[in-house]
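Thanks for sending this one over.

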Amino acid sequence: MPEFPRKVLGLLLILSAVGVASWQALAVSCSSPAAAAAAAETTRHAAPPR
């Protein structure tokens with residue numbers, strides 16, 4: 001793959017990752033404390049046991 005399209009694609013991937021992370025942070029900050037606690041409880045149990 002030529003260098004220019006690879007750089008553009010990399011930049012788009014980085015910007016999209018930053019965008020997704022910022023939307024998730026915004027959604028968490030705007031949600032109610034009960035919903036945030038429920039989401040934390042769900043993600044804590046979703047991880048496999050060690």
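1. Let me begin with the overall fold. The chain has two helices and zero strands. Please keep in mind that this is a predicted model, so every value below is computed from it.

2. How much of the chain is buried? Of its 50 residues, 0% count as buried.

3. Methionine 1 sits in the segment before helix H1, which spans 3-30. With a relative accessible area of 70%, methionine 1 is exposed, because the cut-off for that class is over 50%.

4. Now to the charged side chains. The structure contains one salt bridge, and lysine 7 forms it with glutamate 3. Their closest N and O atoms are 3.0 Å apart, which falls within the 4 Å limit for a salt bridge. Side chains of opposite charge can pair when their charged atoms come close.

5. Why are the two partners about one helical turn apart? Lysine 7 and glutamate 3 are separated this way because they lie four residues apart in helix H1.

6. Finally, a look at how open each partner is. Lysine 7 is exposed, at 54% relative accessible area, while glutamate 3 is partly exposed, at 47%.

Conventions
Residues are numbered from 1 along each chain as its sequence is written. This is a predicted model: local features need pLDDT of at least 70, side-chain atom pairs count only at pLDDT 80 or more; totals for chains, interfaces and linings use all residues. Side-chain values use heavy atoms; hydrogens and water are left out. Buried means under 20% relative accessible area, exposed over 50%, partly exposed in between (1.4 Å probe, protein chains only).
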